[in-house]
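Subject: The structure for you to look at

Hello,

Here is the structure I promised to pass on. Please open it alongside this message, and then read on for what I found in it.

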Amino acid sequence: MAGSRHEQTNTSFNDPILEARVEAIKQLAGGLTDRVAVMDHEFNVIYANESAWSSASVRNVGGPRAKCYEAFANQADPCGTCPAIKVFEGPDVQSVACGIGGDGSACGMHQAFPMTSSGGEVGSMLVLFKDESSKILPDLDVAEGEPQSPVVRESLGELIGKSPAMQQLFDMASLVADSSATVLIQGESGTGKELLAKTIHALSRRSENAFIVVDCGALPETLLESELFGHVKGSFTGAVANKRGLFEEADGGTIFLDEIADTTPVFQAKLLRVLQEGEIKPVGGNKPIKVDVRVISATHTDLVELVKDKSFRQDLYYRLAVLPLHLPPLRERREDIPLLVEYFIARSCKRHHQPIRPVSEKAMRALSNAPWPGNVRELQHYIERAVVTTTGPTIACEDLVARGSIPDEEDLRSATRGAVAQAERVRIVEALKKTGGNRARAARLLKISRASLYNKLRLYSID
């Protein structure tokens, strides 16, 4: 039961974003049968849903906070070196998978996710536990006493991957889908942020209603306001009739605001009002309109750095980043490339009325080792091109090399270095543009030291 004494302990963090995130987790985890908890640096249980407390040994959690090993492992002393402690090691740790067996598994912990404060520090962690049924029902194909392997999903909706990073993302996306809290998706261009947003919508109770995509970076401020909030007749030149905004069109559903970092402070203030009040005001209108819309936003930019540079509103960031998700780049999940290649080939062959063609072993190695600075989108387009422009019963490495995107295996290492250098140069130039040439701010945006930035400016001959 939400809000029961067994469900939570003191949740006062004195930090608005941590409080908002815990409140959002309460909303989405309260009615789940999955066991969910939030813990601090000292492994005190800050919050746990009823399903977690139903299996806990500590039933009365009033007064001092219960330790996780007391509540969930029935132990008086810590478990030892818990894998989850890694979430507090630095801002780059997106999640930690806790393996079956060994230290840290006595409580049944499955995955841990960092929860950052308004200052960017990891203040607590969200923990998902293993399914209780996996402890009760034996696997008949596993010998007694042997550890069981976790179930690996190869897809969630149209998201494809079996790497640990994608398994963690699948679990987190499934958990957040049924809440109404705002979600911020972060990841490089081409990683599939819109596809993740669409998957969350499809898994939610809003799936029967509209899913509307808005590219915030493609529209000027005035047009973006009119598109999202609508306008009344005569409010500006060309407004020849009243127009409903996309927030009204998405009522009861989800609106996906892509590249939210590219918006202006004036627009950000108006969007904040929508999130706080649940109502919009058309351009030129005086009467507010109530809307019930879930907002999912995305960016390839580090919003925390933009907040520090005062180019993005801090209070809006708190609202958008209640439940942040990170999409890893393709180079960090290379084991997913063969799966993605097979998926894209099947789709492309069907689209172009061809029989499905296998990829040679040598070609698959080349595809798996290529740098793919454009991430999944680049891989998808490359496979489509290969299907259309090659013939024969298989797609061979010679075909790929001939089209220029994939080097032969002997040159893969130098090609990777070249691609990384090119991508790094582009990132530095973009950071300098965003900061108006301010090198100190650009270094913070790139998360490197000022000295490293100066060295790279000389290396890449950037003026």
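Two strands pair if DSSP finds at least two bridges between them. Helices (H or I, at least four residues) and strands (E, at least two) are DSSP runs, numbered from the N terminus. With that in hand, Ala37 stands opposite Ala48 in strand 2, and Met39 has Val45 of strand 2 as its bridge partner.

Before going further, a word on where the values come from. This is a predicted model, in which local features need pLDDT of at least 70 and side-chain atom pairs count only at pLDDT 80 or more, while totals for chains, interfaces and linings use all residues. Residues are numbered from 1 along each chain as its sequence is written, and side-chain values use heavy atoms, with hydrogens and water left out.

**Overall**

The protein has 18 helices and 14 strands. Of its 463 residues, 46% count as buried (under 20% relative accessible area; exposed is over 50% and partly exposed in between, with a 1.4 Å probe and protein chains only). Taking contacts (heavy atoms within 4.5 Å) with a separation of 6 or more, 65% are between residues 24 or more positions apart.

Strand 1 (residues 36–39) pairs with strand 2 in the antiparallel sense over 3 bridges. As a reminder, strands of a sheet pair through backbone hydrogen bonds, either parallel or antiparallel.

Strand 1 and strand 2 also form a hairpin, with 5 residues between them. Which residue in the turn has a positive phi? That is Phe43, at about 65 degrees, although Phe43 is not a glycine. Most residues other than glycine have a negative phi. Phe43 is buried too, with a relative accessible area of 13%.

**Helix 5 and helix 6**

Helix 5 also meets helix 6 (residues 193–203): their axes come within 8 Å and cross at roughly 45 degrees. That makes helix 5 oblique to helix 6 (under 35 degrees counts as roughly parallel, over 145 as roughly antiparallel, 65 to 115 as roughly perpendicular and the rest as oblique). Leu169, Ala173, Ser174 and Val176 in helix 5 are in contact with Leu196, Ile200 and Leu203 in helix 6. By class, this contact has 6 nonpolar, 1 polar and no charged residues (Ala, Val, Leu, Ile, Met, Phe, Trp, Tyr, Cys and Pro count as nonpolar, Asp, Glu, Lys and Arg as charged, and the others, Gly among them, as polar).

**Around helix 7**

Within helix 7 (residues 221–229), the buried residues are Leu224, Glu225, Ser226, Leu228 and Phe229. They pack against strand 9 (211–215), helix 8 (246–249), strand 10 (254–258), helix 9 (265–277) and strand 11 (279–280). Just after helix 7, Gly230 takes a positive phi of about 85 degrees.

How do helix 7 and helix 9 cross, and at what angle? Their axes come within 10 Å and cross at roughly 15 degrees, which makes helix 7 roughly parallel to helix 9. Glu221, Leu224, Glu225, Leu228 and Phe229 in helix 7 meet Val266, Phe267, Lys270, Leu271 and Val274 in helix 9. That contact has 7 nonpolar, no polar and 3 charged residues.

In the loop between strand 10 and helix 9 you will find Glu259. Its phi is positive, near 55 degrees, in a residue other than glycine, and Glu259 is buried at a relative accessible area of 12%.

**Helix 12 and helix 13**

Last, helix 12 (residues 337–351) and helix 13 (residues 361–369) pack at an angle of about 115 degrees, with their axes 9 Å apart. They are therefore roughly perpendicular to each other. Ile337, Pro338 and Val341 in helix 12 meet Met364, Leu367 and Ser368 in helix 13, a contact of 5 nonpolar, 1 polar and no charged residues.

Best wishes

Notes. Axes are lines fitted to C-alpha atoms, for helices over the stretch in contact, and angles run from 0 to 180 degrees between N-to-C directions.
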